[in-house]
Amino acid sequence: MSTVRSKGRVTAPKGIRDYLGLKAGSTVTSERAPTGKSFCGQARGRARRPASVFARLRGRATVRMSTDEIMALTRGS
């Protein structure tokens, strides 16, 4: 059994997460069957959410300056 939190979040029990192979950041779908029962599963083959602007830039610095040189530039020295 799970409880819906104030922001609409639900924590899946560990046994279900293990069974479905869910990890942090996994996308989960939930659907309602014609019988009225609901079920969920791991989404497969769906587009992942695009990385943030900062994540896409990670590791792209090309300036070869020391920390002291950068600090001098930012301080206007």
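Is Asp 18 buried, exposed or partly exposed? I looked this up in a predicted model, in which local features need pLDDT of at least 70, side-chain atom pairs count only at pLDDT 80 or more, and totals for chains, interfaces and linings use all residues. Residues are numbered from 1 along each chain as its sequence is written, and side-chain values use heavy atoms, without hydrogens and water.

I recorded Asp 18 as partly exposed, because its relative accessibility is 48% (buried is under 20%, exposed over 50%, partly exposed in between, with a 1.4 Å probe and protein chains only). Lys 14, at 51%, counts as exposed. Asp 18 and Lys 14 form a salt bridge, their closest N and O atoms being 2.8 Å apart (the term requires a side-chain nitrogen of Lys or Arg within 4 Å of a carboxyl oxygen of Asp or Glu). I found 1 salt bridge in the structure. Both residues lie in helix 1, 4 residues apart, about one turn of the helix (helices are DSSP runs of H or I, at least four residues; strands are runs of E, at least two).

I noted a nonpolar patch of Val 63, Met 65, Ile 70 and Leu 73 on the surface, with about 370 Å² of accessible area together (Shrake-Rupley method, 1.4 Å probe). Patch residues have over 30% relative accessible area and no salt bridge; nonpolar side chains are joined within 5 Å, like charges within 9 Å. Val 63 is found in the loop between helix 2 (53-57) and helix 3 (67-75). I recorded Val 63 as exposed, with a relative accessible area of 58%.
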